[in-house]
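This briefing is for a reader who is new to the structure shown below. It goes topic by topic, and each point can be followed in the sequence and the model.

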Amino acid sequence: MLARITAVLAAVALVAVLPQVPHAGAEAAGAGPVTHGFHWGVATSGFQVEGSNPDSNWKRYVDAASPGGEVDPVGEAVDFWNRYPEDIARAAAMGVNTFRLSVEWARIEPAPGEYDDEALAHYDRIIEQIRAHGMVPMITMVHFTYPGWLDDRGGMLSGDAVEAFGRFSELITQRWAGDGTMWVTFNEPLVFFKHELTIGRVGVEDFSRFLDQIEAAHRLGYAAAHRADPDAMVTMNEAYLPMATDFTDTLIGDRVADAVDYVGIDYYYGVALNNLTTINAAWDDFAAVRPQPEGIYEAIKHYAQSYPGKPIYIVENGLPTHDGGRADGVDRGDFLRDIAFWLQRAVADGYPVIGYNQWSLVDNYEWGSYSPRFGLYQVDVLTDPALERRPTSGVDAYREIIAGGGVGPDYRPVLPGAWCSLSTIPDSCLNPPLVDGPRATLVG
């Protein structure tokens, strides 16, 4: 079992950033407007963008590793805590109808059983601002962080962690459920475990118990959301790990399949015979990973087949740069258009994709560094005290995609397709994706 766990953790390390039906042939449907009601979203997470971070597992790690911020300069991040009105307005101006955020448990419950009314009221204002712009909030309950007092007790392995999370989830769902609010209980449980390894909270031998705790807590969060709103849509998103997905499904996805309303996928990377660059992510050189937009189609296929009848939502997808640039010159706008193309192909082929979130709205703290940049808006956190938001090519591209319900019927992917995806051998070798030929248009 230890060898299997080690293999999974190695796979997790390849995609720990932050953040697939046979490929259609000539007869398959293609790129038309996405069906009415599709969620076009952006994503953020509290610790990565808010600043003014309270006492938490990650804040303690950052402070211990670099008291002066020399090594791990999380600082004030991009100060979303104070600048949320302008950032939410930027999302709305692109036509976004869904805004993913996480609320910091450490802010809301700074001591066991003691809740910070001002922090709750501040989140009220943020969520009200999202709704005022006509967007649906997608609220993540835990995005890798939890209160310092829980860290003192052993973090998610402590005997009362599940119960404590249950109380927390009850509070926030009663407060913010309804009006279409969507929920994510835990962000990427396998990557969460990898993060806990990084900060020294768990050991490899704790893997099974950690997942048991996460499953139990998720079920409490799921039940709380449905008590607050019987029509709530709740998930626990997971990273798509090329070549390891069948196994990772057994670790967590299969265990909670009866307690999710939609399958949440984070898709970043593919692996193919002519694209082995994903290995660069193992040492955090994310911008050296060649993007593989058509792999999102493979991911959708996998989850549609593994969890039939469940809607699928791409909770995270994005393109990393290194301090704003990429050696291969891939443009964020082109990447987004290619992703939209393959989403449209998947929906046209009958896969129940209901939404897509671009990670992320603005550049953010990537768990130890500000060099990997995923933002539609670039922010030079370390060199610009004004924290100016500067639009990348992705802003106009995403606005056009949303307005058109996707890319137009004449669009062809710009980025070269991978050959022989290692996730779907031999089918991907024998039947590589074809972009020409008849393509159906989805009616909105």
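**The sheet and its strands**

Strand S4 (residues 182-186) runs parallel to S5, and 3 bridges join the two. The model described here is a predicted one.

- In general, the strands of a sheet pair through backbone hydrogen bonds, and the pairing is either parallel or antiparallel.

*Around S4*

- On the S5 side, Met182 stands opposite Met233, and Val184 stands opposite Thr235.

*Around S7*

- Strand S7 (residues 263-266) is covered on both faces.
- Val263 and Ile265 are buried on one side of S7, and Gly264 and Asp266 are buried on the other.
- Asp266 of S7 is the bridge partner of Ala239.

**Helices**

*H4 and H6*

- Helix H4 (residues 80-93) packs against helix H6 (residues 117-132) at an angle of about 10 degrees, and their axes are 9 Å apart.
- An angle under 35 degrees counts as roughly parallel, so H4 and H6 are roughly parallel to each other.
- From H4, the contact is made by Phe80, Trp81, Tyr84, Pro85 and Ile88.
- From H6, the contact is made by Ala119, His122, Tyr123, Arg125, Ile126, Gln129 and Ile130.
- Sorted by class, the contact of H4 with H6 has 9 nonpolar, 2 polar and 1 charged residues.

*H11*

- In helix H11 (residues 245-253), the buried residues are Thr245, Thr248, Asp249, Leu251 and Ile252.
- Seen down the axis of H11, these buried residues fall within an arc of 170 degrees, so they line one face of the helix.

**Residues in loops**

*Asn53*

- Asn53 is in the loop between helix H2 (46-49) and helix H3 (57-65).
- The relative accessibility of Asn53 is 11%, so Asn53 counts as buried, the cut-off being under 20%.
- Leaving out residues up to four places away in sequence, Asn53 touches Gly46, Phe47, Lys59, Val74, Gly75 and Arg107.

*Between S10 and S11*

- The loop between strand S10 (353-359) and strand S11 (372-373) holds Ser360.
- The peptide bond from Trp359 to Ser360 is cis, and its omega is near 5 degrees.
- Trp367 is also placed in the loop between S10 and S11.
- Phi of Trp367 is near 50 degrees, which is a positive value in a residue other than glycine.
- With a relative accessible area of 11%, Trp367 is buried.

*Leu387*

- Leu387 is found in the loop between strand S12 (377-378) and strand S13 (390-391).
- Leu387 is a residue other than glycine with a positive phi, near 50 degrees.
- Leu387 counts as buried, at 9% relative accessibility.

*Asp323*

- Asp323 has its place in the loop between strand S9 (321-322) and helix H13 (332-348).
- At 41% relative accessibility, Asp323 counts as partly exposed.
- Not counting residues up to four places away in sequence, Asp323 touches Tyr370, Ser371 and Arg373.
- Asp323 and Gln378 are 55 residues apart in sequence, and their C-alpha atoms are 9.1 Å apart in space.

Methods: Residues numbered from 1 in each chain as written. Predicted model: local features only at pLDDT ≥ 70, side-chain atom pairs only at ≥ 80, totals over all residues. Heavy atoms only, no water. Buried < 20%, exposed > 50% of the residue type's maximum accessible area, 1.4 Å probe, protein only. Helix = DSSP H or I, 4+ residues; strand = E, 2+ residues; numbered from the N terminus. Arc of directions from axis to C-beta. Pairing = 2+ DSSP bridges. Axes fitted to C-alpha atoms, helices over the stretch in contact; angles between N-to-C directions. Parallel < 35°, antiparallel > 145°, perpendicular 65-115°, else oblique. Contact = heavy atoms within 4.5 Å. Nonpolar A, V, L, I, M, F, W, Y, C, P; charged D, E, K, R; others polar.
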